[in-house]
Amino acid sequence: MNIVLCGFMGSGKTTVGLELAKIMGRKFIDTDDMIEREQGVAIKAIFTVHGEEYFRDLEFACCKKISAMKNCVVSTGGGALTFKRNVDALKQGGRIVFLDADFDVICQRIGNTRTRPLFQDREKARALYDERRPKYLSAADYVVDGNMSARKTAIEIAEMFR
């Protein structure tokens, strides 16, 4: 069974996921990295050239592939689990853990907003956070405190799955 991490950008999905995979001796998969590798271009370029709908279809195909894999730790893109089809696909092969981090903590972690286009405007980012949080909660099989250090969070998740 896979352990699938979801949450807002900056909630620690990749950092916690890498730590968790190390602790549990599992393979780590990042859905955004997987899509970029398969397409040979950055996600930003996919959005620019083909649009969001095309990207979301690639993301869905990625979720279906992952659902057939076993014993992986999966970090999903910030928007992936706001779509029911992705949630349904990933739940076929795993359990979803929501890293519930406060918006203020996320802002501290992200810091320099140039690398995160959605954080250019803090008010818009806050609105997106508020819109997505209930979707993460409904998708999740487990909710963990995402405000802790990555190591502490990973240890807590590992204990849940032992």
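Start with C62: at 1% relative accessibility, it counts as buried, because anything under 20% falls in that class. Keep in mind that this is a predicted model.

**Cysteines**

- You won't find a disulfide here: the structure holds zero of them.
- C62 isn't in a disulfide, and its nearest cysteine sulfur belongs to C63, 5.7 Å away.
- Is C72 buried or exposed? With a relative accessible area of 4%, C72 is buried.

**Helix 1 and helix 8**

- Helix 1 covers residues 13-24 and helix 8 covers residues 150-160; the two pack with their axes 8 Å apart, at an angle of about 50 degrees.
- That angle is why helix 1 and helix 8 count as oblique to each other.
- As for handedness, helix 1 passes helix 8 in a right-handed crossing.
- On the helix 1 side, the contact is made by T15, V16, E19, L20, I23 and M24.
- Helix 8 brings A150, R151, T153, A154, I155, I157 and A158 to that contact.
- What kinds of residues make up the contact of helix 1 with helix 8? They split into nine nonpolar, two polar and two charged.

Note on methods:
Residues are numbered from 1 along each chain as its sequence is written. This is a predicted model: local features need pLDDT of at least 70, side-chain atom pairs count only at pLDDT 80 or more; totals for chains, interfaces and linings use all residues. Side-chain values use heavy atoms; hydrogens and water are left out. A disulfide is a pair of cysteine sulfur atoms within 2.5 Å. Buried means under 20% relative accessible area, exposed over 50%, partly exposed in between (1.4 Å probe, protein chains only). Axes are lines fitted to C-alpha atoms, for helices over the stretch in contact, and angles run from 0 to 180 degrees between N-to-C directions. Helices (H or I, at least four residues) and strands (E, at least two) are DSSP runs, numbered from the N terminus. Angles under 35 degrees count as roughly parallel, over 145 as roughly antiparallel, 65 to 115 as roughly perpendicular and the rest as oblique. A crossing is left-handed if the near helix is turned anticlockwise from the far one by less than a right angle, and right-handed if clockwise. Contact means heavy atoms within 4.5 Å. Ala, Val, Leu, Ile, Met, Phe, Trp, Tyr, Cys and Pro count as nonpolar, Asp, Glu, Lys and Arg as charged, and the others, Gly among them, as polar.
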